[in-house]
Structures are given as structure tokens and as C-alpha cells.
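Thank you all for coming.

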Amino acid sequence: MSLLRPVAALGRATLGALASIGRIALFAGAVIGHLFRPPFYPREVLHALMQIGWFSLPVVGMTALFTGGALALQIYSGGARFSAEAVVPSIVAIGMVRELGPVLGGLMVAARVASSIAAEIGTMKVTEQIDALVTLSTNPLKYLAVPRVLAATLAVPVLVAVGDAIGIAGGWLVGVYRLDFNSTTYLKNTVDFLEFWDVGSGLVKGAAFGFIVALMGCYHGMNSGRGAQGVGRATKTAVVSASVLIFAANYLLTEIFFTS
Amino acid sequence: MIELVGVHKSFGSNEVLRGIDLRVESGTSMVIIGGSGTGKSVLLKCVLGLVHPDRGRILLDNEDVETAERDAFLARFGMLFQGGALFDSMPVWENVAFRLLRGATKRPKDEARAIAIDKLRRVGLGPQVADQFPAELSGGMQKRVSLARAIAADPEIIFFDEPTTGLDPIMSGVINDLIREIVTEMGATAMTITHDMTSVRAIADNVAMLHRGKIRWCGPVSEMDATLDPYVQQFIHGRAEGPIEALR
Ligand SMILES: Nc1ncnc2c1ncn2[C@@H]1O[C@H](COP(=O)(O)OP(=O)(O)O)[C@@H](O)[C@H]1O
Ligand SMILES: [Mg+2]
């Protein structure tokens with residue numbers, strides 16, 4: 001009996017995890033299904049675009065700027081070991097647009113947006129505002145989740161694009177003012193070695209990460225437990241699960257995009 | 001007519017409703033009394049389909065609410081939640097006019113706002129609160145805004161969960177009169193939860209007392225004082241001694 005206890009616990013945990021994956025998949029399916037069916041709430045989408053896109057710009061921009069700068073320093077000192085300092089501009093550009101722009105952008109948005117969505121919707125749940133929506137003939141999924149998921153899926157690629165540009169600018173600043181690159185050569189090398197799909201794949205990743213972030217925020221918010229503790233737990237779970245899923249999705253998408 | 005037959009609901013091991021049988025005729029006012037935590041709010045939520053009963057049936061005009069067309073069903077209802085449940089992201093008037101600004105009952109913005117201000121007036125709130133946000137109001141004011149929202153689209157059936165809790169006696173009187181008026185003049189069906197015996201006498205046609213998950217007593221308000229049921233007697237006179245244990 002006691003020998004089997006760890007096995008039973010493991011089984012329960014596995015079943016629990018599978019059940020929540022199933023529930024999240026169903027939730028995602030429902031959100032996507034409602035995207036194309038009226039009623040639509042354009043005002044809510046616009047509001048969410050502002051909250052998720054516009055107000056995330058400073059944070060994403062700062063992250064990208066420092067990362068681009070640090071990347072330039074790292075590649076310069078690393079490249080010096082085999083006299084390849086000249087690759088700094090192109091590696092910074094490729095590294096930013098393919099990987100760091102979308103992943104760091106996605107993570108910053110997860111921290112900022114998944115938490116605030118989960119806390120807001122979770123509070124609405126525990127104060128019966130979600131029940132009130134239902135009694136006022138409004139589908140909470142459609143009114144709360146769909147606009148946020150749509151807005152995040154549209155806004156994060158734009159944030160990633162802006163982050164890419166700022167990250168490359170950070171690399172350029174460090175390259176020119178710290179590492180004595182020639183400004184024109186640096187920019188030329190950046191542009192020459194960058195292919196469209198480098199940028200495009202990063203933007204697609206951004207859209208996927210935006211979807212994940214808003215989905216996790218909404219799902220955990222709507223399933224929040226009771227009271228302030230419930231909302232706190234929902235918020236934490238939303239951020240953690242969004243971040244982990246971003247890393248997993250990033251690996252999967254990279255595998256799909258760049259191996260063949 | 002709303003009819004509940006053998007409705008059971010548990011949360012985990014907490015058996016809240018243990019076989020509720022209740023009938024509310026159209027155009028009448030039913031008041032539900034009972035100690036706090038006895039499941040009165042859960043009962044209303046079951047009728048609205050916000051909580052799904054484990055067993056039993058709930059009928060609205062002889063149609064099972066579980067199988068009824070949801071939108072048409074909900075369009076007939078108004079609900080005042082115990083905690084108010086106002087949307088704190090929007091100003092008071094948009095809360096009140098929520099139903100009038102979207103969906104099947106959508107109206108022009110000006111008209112919706114005018115209706116909202118009129119409903120606010122009926123719950124004793126001036127037009128100056130219309131553009132305030134719920135968080136800027138006192139608890140009693142929030143409750144009244146929520147009441148205005150519940151009646152904004154003139155629903156046929158209205159549920160009030162503790163409408164006068166947190167209000168001063170005069171304002172309670174105003175709200176009691178309003179609820180009575182909605183039933184007698186507009187022919188609405190009302191179910192009200194309250195602990196306030198003055199409200200019970202002012203609002204009710206019939207009274208049901210919930211105790212230990214069942215309807216302990218149900219009858220016309222005129223017979224309430226005369227009943228020999230010791231539970232009802234203890235409750236309406238607010239005695240600490242009696243069959244209802246104070247420790248729950
Ligand atoms: N969503 C829920 N999950 C778990 N327990 C609940 C839930 N809603 C209500 N309860 C429990 O049901 C009981 C009755 O609650 P309620 O209907 O709110 O009482 P009241 O009669 O004061 O309105 C309480 O013990 C409460 O803890
Ligand atoms: Mg209650």
C-alpha cells in the first residue's frame with residue numbers, strides 16, 4: 001500500500017496535468033471559434049490593443065536596446081577568439097530578429113499582460129462580474145477573452161518588429177561608440193546578411209506568443225479560485241504557464257521554420 | 001411561473017441545497033428568508049443557470065431551464081447580485097445601460113443614457129453619479145446602481161439578492177416601495193432575498209424560509225406571523241434561543 005503511494009501520486013499528477021492541457025485546448029478552440037462569429041466588440045478590441053500593444057512599447061523597447069548592446073559586446077569578445085569580430089553586425093541582427101526579439105518581447109509581454117489580464121478577469125470572477133455579464137445576455141468568453149486574445153495576437157508581432165529595430169540599434173550604438181566599427185559598414189553588414197524570412201519567422205513567433213500570453217491570462221483569470229488568494233494564484237499561474245509555453249512554442253516553431 | 005422540483009446542490013462535501021421544492025406564480029413577489037450561508041444566493045443562481053444543480057429540475061413556464069434557449073431565457077431576467085457586481089471599468093450610466101447598449105435590445109446612445117439616468121433617479125440617485133465610476137461610490141450607492149441595472153431593460157422576472165443590506169432605513173423604504181411597484185404596476189415576477197423583516201412585510205406576497213437545504217416553511221406573508229413553526233417564529237423575532245442553532 002505505502003509502496004504504491006508515490007506511484008499513485010505520480011499518476012494523479014499526470015492525469016491532472018493532462019486534464020488541464022485538455023481544458024486549455026478546449027478553451028483555445030472556443031476562443032478561436034468565437035473570433036469569427038458575431039457579436040463583435042470592436043471597442044473592447046481597441047482598448048485591449050492600447051493596453052497590450054501601446055503601453056508595452058517602453059518595456060519591450062528597453063529590453064531590446066540593452067539586449068542588442070550586450071549581444072554586440074558578447075559576439076565581439078567571443079568572435080575575437082577566432083578573429084571574426086567582423087560578424088558582429090550580422091549576428092546581432094540575425095540573433096535579434098530570429099530569436100531574442102520575439103522571445104524576450106514575448107516574455108516581457110507575459111510579465112506585463114498575462115498578469116494584468118489574469119488579475120482583472122480573476123477579480124471580475126470573484127466579485128460576480130462574470131456572472132453579471134451572463135445575466136446581461138453577454139458571453140464572457142466573447143466579451144472578455146476574444147478581444148484580448150485577438151489584440152495580443154495582432155499587437156505582439158508589431159512589438160517584436162519595433163523591438164528588433166531597437167535591438168539592432170542598440171547593437172549599432174555599442175558597435176560604433178564602444179567597439180569602433182565604422183557606422184556605414186555596420187549598417188551595410190546588418191542589411192546585407194538579413195533575409196526576409198529571418199524577420200518574418202520572428203514576427204510569426206511573436207503572433208504565437210501573443211496568442212499564448214492572452215490565452216493564459218484569460219483562462220486562468222476565468223478559472224480563478226475564490227477570494228484574493230484565488231486571484232493571486234491565478235495571476236502567478238498565468239505568468240508562469242505563459243512563459244513556459246513561450247519557450248516550448250519557440251523551440252517547436254524554430255524546429256519547423258529552420259530545419260529541412 | 002418558476003417551479004423548482006427536488007433541487008440538490010453540493011460544493012464538495014458541503015451539501016447546500018438538499019431538495020428544494022418551490023413555486024413562484026407569475027406576477028407575484030416571493031421573498032426568501034433564512035440564515036446566512038443557508039444557500040439562498042445559490043438557489044437564485046441555480047434558476048439563472050449560473051450554478052448547475054446536481055439533481056432536480058427547474059422549470060420556467062413549464063420549460064426546463066437547462067434545455068431552454070439561453071439568450072431568449074436570459075433576456076427575460078434581471079438580477080441584482082448580493083455584492084453589486086458592477087463593472088468597475090465603466091462609468092455608472094454605462095453599467096446601468098449595459099443591456100441597452102448591446103445585443104438585441106440595443107438603442108441609440110443618447111436614449112440609453114436617458115433611460116439609465118431615469119432608472120438611477122428611481123433608486124434615489126441623482127444624474128451627477130452617472131459619470132462617476134463604481135469605485136467612487138459608497139457601498140449602498142453601488143447597491144442601488146446595481147438595482148438600477150437589474151431593472152433597466154424592464155425585465156419580466158427580477159431577482160434581488162439582499163437589496164436593502166447596507167442602506168439606511170429611509171433608503172430601504174424607497175427600495176422596498178420600488179420593488180413592490182415593479183411587481184404591482186409592471187406585473188413583474190420577483191424573487192427577493194432579505195434578512196430585513198420590514199422589507200419582507202413591504203415586498204412579499206409569499207414568503208419561503210430556507211433552512212438546512214430545504215424549504216422549511218412557505219406561505220402568504222399574511223400567515224407568516226400566525227404560523228406556529230418554531231423556526232419561522234425564531235427567525236422573524238430574531239431570538240437567539242430556539243431550534244435554529246446560533247453556531248453554524
Ligand atoms: N461557488 C461556490 N463554491 C463553493 N462553495 C460555494 C460556492 N457558492 C456558494 N458556496 C457555499 O454555499 C453556501 C451557501 O452560500 P450562499 O448561497 O451564498 O448563502 P446565503 O444564504 O447567505 O446567500 C456557503 O456555505 C458557501 O460557502
Ligand atoms: Mg447570499
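Predicted model: local features only at pLDDT ≥ 70, side-chain atom pairs only at ≥ 80, totals over all residues.

Which pocket is the space taken by ligand 1? The space taken by ligand 1 is the largest pocket, where a pocket, on a 1 Å grid over the protein atoms alone, is an open set of points where a 1.4 Å probe fits, with protein on both sides within 12 Å along at least five of seven lines.

Residues are numbered from 1 along each chain as its sequence is written, chains are lettered from A and ligands numbered from 1 in the order in which they are written, and side-chain values use heavy atoms, with hydrogens and water left out.

Now to the shell, meaning the residues with a heavy atom within 4 Å of the ligand. Because residues from chains A and B surround ligand 1, the site is shared between chains. Arg226(A) is part of that shell, and among the chain B residues there are Phe11(B), Asn14(B), Val16(B), Lys40(B) and the run Gly35(B), Ser36(B), Gly37(B), Thr38(B) and Gly39(B). By type, the shell divides into three nonpolar, seven polar and two charged residues, with Ala, Val, Leu, Ile, Met, Phe, Trp, Tyr, Cys and Pro counted as nonpolar, Asp, Glu, Lys and Arg as charged, and the others, Gly among them, as polar.

As for polar contacts, which are pairs of N or O atoms within 3.5 Å, a polar side-chain atom of Arg226(A) lies 3.4 Å from an oxygen atom of ligand 1. From chain B, a polar backbone atom of Gly37(B) is 2.7 Å from a ligand oxygen, and a backbone N or O atom of Gly39(B) lies 3.0 Å from an oxygen atom of ligand 1. Taken alone, ligand 1 exposes 560 Å², and the protein buries 68% of that, using accessible areas from the Shrake-Rupley method with a 1.4 Å probe.

Turning to chain A, its secondary structure comes to nine helices and zero strands. The unreviewed UniProt entry annotates "transmembrane region" over residues 12-32, 52-73, 149-174, 203-222 and 234-253 of chain A, and such annotations may be inferred rather than shown by experiment. In the model, residues 12-32 of chain A are 100% helix, with end C-alpha atoms 30 Å apart, and residues 203-222 of chain A are also 100% helix, with ends 28 Å apart.

Two loops of chain A deserve a look. A cis peptide bond, with omega of about 0°, joins Pro38(A) and Pro39(A), and Pro39(A) is found in the loop between helix H1 (5-35) and helix H2 (42-52). Ser83(A), although not a glycine, has a positive phi of about 50°, and lies in the loop between helix H3 (57-79) and helix H4 (88-126).

Technical notes
Polar contact = N/O pair within 3.5 Å; in protein donor to acceptor, adjacent residues only side chain to side chain. 1 Å grid on protein atoms, 1.4 Å probe; cavity = no way out; pocket = protein on both sides within 12 Å on 5 of 7 lines; lining within 4 Å. Sits in = over half its atoms within 2 Å of the grid points. Helix = DSSP H or I, 4+ residues; strand = E, 2+ residues; numbered from the N terminus.
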